[in-house]
Amino acid sequence: MAVRLKAAVLDFNNRAPEDNNDHPSRVFIDLSTSLSLFGQQATGLLRAEHTIARQLLTESRIVAIPFVFSAGKLYALSRADAQTLVGEYPGPGGSTIKLHDARHELRMLGVAPAREAATTEPHDLPHKILPATAPATAALAVQPAPPRPPVRALLRKLARRAVTTMPASIREDVRLVLVHGREIFRKTLRGQAPQESAGDSAETRPAMVAEAPVSEQAYAPAAVAANDFRDEIARTRSAIFGRCVEIGWPEAGEMVWTCGFYGAVVPLRLVAEARQRRGFSCAAIYHDFIRGKTLEWDPDELHGLHYACLATDLLDVADRILCISLDARSSLIAFAHKFGRGTPDVRVVTPGRAPSMGATEAALPHELTRRRFALCVGPIDRYLNLGVLVRAWEALAEQPDFGLDLVIVGHATDCDEAPIIAVETSRLFGERILWFDECPGNVLGLLCRRADALLYPGFADQGFAEGRELSIAEALAAGTPVLAAKTAAVPGAAFGGAILLEPNDDGAWQKALQDLATSRLRQIPPIQLPTWDTTSSEVVSHIVEMAQVRTA
Amino acid sequence: MTRLCTILQVGTHSTLSPIHGGQHRSHNIGRVLEKAGYTVRGIAACWRQRHDIVNDREAILDLALAGSWKGGVAGGLFGDYFHLVTVEESEKLRADFFRLAGAAQPDAVLLEHPWMWPLARLIPEVAAGRAPIIYNSQNVEAHLKHRLLRDLKLDAQGLSDAEALLPVMDAFEREVVANVDAVTACTAEDAHVFDTWGARRTVIAGNGSFRRPITAIRRPFPALLPGGCRYAFTVGSEHHPNVTGFENLVLPWLALLRPGQRVVVAGGMSDALRGRVAELGLSSTLDGRLVLLGRVNDLTLSALIENTACLMLPIEYGGGSNIKTAEALLSDRRIVASPASMRGFAAYRHLPGVTVASSPSEFGAAIRSALENGAPAPRRPESVEPLTWDAMLAPLVDLVGELTDSDRAEVSLVPSSASTAEQDPVVSPADGTATNQDDEVLPTRQA
């Protein structure tokens, strides 16, 4: 084992640690999430893991050992494979924005990936102990998902048309009957498996599927390209994992850095137990999978147990936790006090804005080219509090001077049906309320700039994950007004540049939106914000500082 | 030599190779009666299982031979009653019942559960008044079924069927209680109910247990339980109260376990819990906190109990008394129990190392405290001595003696099974766990 580890270390730093007079500390960099989500757009947590790891891999003050977890064991990655995992890996189109109800065609903006499959790269580690057919490898392999049949989209379209033809007095009832009928069909007739939680690993999620267009055969090659892309991703990922080398747990004086999917991809409980036995240290980030509701968790109720487990896992494993707001810090410390975890070392790093990556106007979905719209970025869950926006639009839409549409960007979370139903059952859905499931970062930046305002009515803590808070920064940097909830860490993330409203004050939101629609809100002066790279650098500084302290 | 007095046990489950709590009670009643010098014979109307033992002590009326089964009504809530229906409607099984009863020539009939009453009352010796009949209750069935109905998520049809059948069951049990010669109850509360129903005589003979043999196995599951790991343990069958009690009292606070601490579950209830945890989307979340072992053999069970920091008794309802509570009290482990699980054991709730907690947070706090402590419970063995099966069932043996007033063998003529039984895995109340079927001592109650 020691020989393997030494070989791995040699590969990454081109020198043996014992040959180094400075004795830099070994930092084990967890890239499990990067391997698990390999090929997906690097937004949110994945972007955090990529950006920070890229800096750590080239950091001279530490010996960086990238690795992944599988079946509770650690497997070291070669430098080349680590860089592949954290590098740019555009999808078949590079950036794809997809409307939620699939009524609209895909917008293919780029070309197929130029990178060759990693299977052609030479093995640069001396031992390979896990056969390619091992269960762990199989578990990590992408299961190509069949393209969704166009008939589903057609059925949706027909259903929606049928609803619009109904007399107004029964239209809502018919709509609800159809929505619930669909759920019954999904859950009963198709025997849909019980949903796992939001923290599920990528293995349980459907692979990124490019939906076939409904009517325009011209887009058929896009689906083929998407399938090819998935196959290539699967091959590359399997090859990378096949080249991994099992290593032991770190020793005292060494360190683990992780920002992965807690509880699913990264076995934090095992790490915490190994840390107790072996004395290594660990640093991690507090991300917004651990919702603001964590603090309200009641150990007499099952509700919220998932998030409470994530929070205690984080507190138990990490010597230092990094978050991006004072509010997140104080809520985590309060949780720790309440449940007997002492006072954790939680540090705040400055949240930076997401890089815009230079998307041009051509990337704008054609549905939005001639609209005025306000933008709301989610994951679509109860914490985004979309209901207040849906209610506002339903109240304001009939007014002649209200020319704004609502554009929602974000994927639906596995565990929350209610907000999805709230949006889909709105009479404005598909007309004045548009929902894009997938939106790459560059297009999101473009949407932030083009929107009349960014809306954030949610309750959630600020974390390193899904990018909603980074969208606030992006909008502010672009001079786009921000209407946001006066809760949790949102005011801090808005740098004083947002209009803050009570999250459930329907009247206040409607008035603010009316003002927005009638141009009484003007563009604000752009705010100079730190970049995401700055944030990553701060994180790296913390890790290096911890590593050096441990070594000393 | 005169014929030994014969007791015929008639029930809806087998007793010679006990798995669940009801079987353990019946098994031990047979054992103590044999020890007291009676000949014990049994007729069990049930589905024969692979682990069942059939010999001249007990015959199984295998319901699989009947060809029809109506017990699925209302989610199977009344399945045990339909054992009777199946036998009654099958000419062969009915004939077999009376043939076996005739061959036994019972001096007394012990009705295990009330369900076989309509047939038992027709056994010639009973009908002629020569053989008294004792209803050995395990709980108040009607009350339990009312409570179970709340946990079974029945559809409208099932609910309607259940509501129609509940009064029938209630009347059925009342009829049994009022017409038998005596009723034995597990708790004073149950006895009071039977008294109000007009029982001629009621005797309390509660559930007990054995001291488990020391296995000296330090780490029963090194692969699943990391070295140095402390765990709280519970074992139970898939019986609804076991599953819902765990879900309500244990699952909610699992987030608060520290690294190196686990909650371990064995027995049929772990299979039910596995499904429930997946339904809740918590499978991966609870990985590293909750270990669901499934059914384990008796040696493993002993080792798990011997090594646990704390035994959990999270049952929230159910009739009778909880066999696992007696087993836990007889061990030297700390115990965290719900109030319902202490039913029938109220005198023991203030013993050292016993904590009774009613809310999840209290339950969790007590268990986490035990996990931090890790030391055995400071209980004196003599303080729980009355909890052995022999002691608990003594009133029942006396009752049978009074009612039969017949010859029985001298105890010395029959090798005592008590001393060996305490070492015998089959007689341990491993409710919900499989027993070691390869052990040749298993088939017999006596040596």
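1. If you want a spot to look at, find A:Cys376, which sits opposite A:Ile408 of E11(A). To get from E10(A) to E11(A), the chain goes through helix H12 (residues 386-396), and this β-α-β crossover is right-handed.

2. Is strand E11(A) enclosed or open? It is largely enclosed by the rest of the structure, because 6 of its 6 residues (404-409) are buried. That holds for both faces: A:Leu404, A:Leu406 and A:Ile408 point one way, A:Asp405, A:Val407 and A:Val409 point the other, and all are buried. Note that A:Asp405 is among these buried residues.

3. Elsewhere in chain A, have a look at helix H11 (residues 326-338). Its 13 residues reach 18 Å from first C-alpha to last, close to the 18 Å expected at 1.5 Å a residue. Buried residues of H11(A) include A:Asp327, A:Arg329, A:Leu332 and A:Phe335. Just after the helix comes A:Gly340, with a positive phi of about 70°.

4. Now the interface. Here 24 residues of chain B are in contact with 26 residues of chain A. On the chain B side, the elements giving two or more residues are helix H10 (268-279) and helix H13 (360-373). H13(B) supplies the largest share, 3 residues. Sorted by class, this side of chain B has 12 nonpolar, 9 polar and 3 charged residues. For the complex, the predictor gives an ipTM of 0.73 and a pTM of 0.72.

5. A word on confidence in chain B. Its mean pLDDT is 86, with 89% of the residues at 70 or more. Which elements mark the two ends of the range? Strand E5(B), residues 133-136, has the highest mean pLDDT at 97, while helix H16(B), residues 418-421, has the lowest at 35.

6. My one caution concerns residues 410-447 of chain B, where pLDDT stays under 50. The model does have 97 contacts beyond four places in sequence for this stretch. Still, where pLDDT is low, the predicted coordinates should not be read in detail.

How values were computed
Residues numbered from 1 in each chain as written. Chains lettered and ligands numbered in written order. Predicted model: local features only at pLDDT ≥ 70, side-chain atom pairs only at ≥ 80, totals over all residues. Buried ≥ 20, exposed ≤ 12 C-beta atoms within 10 Å, placed from the backbone. Helix = DSSP H or I, 4+ residues; strand = E, 2+ residues; numbered from the N terminus. Pairing = 2+ DSSP bridges. Right-handed = clockwise from strand over helix to strand, strands pointing away. Contact = placed C-beta atoms within 7 Å. Nonpolar A, V, L, I, M, F, W, Y, C, P; charged D, E, K, R; others polar. pLDDT = per-residue confidence, 0-100. Expected span 1.5 Å × (residues − 1).
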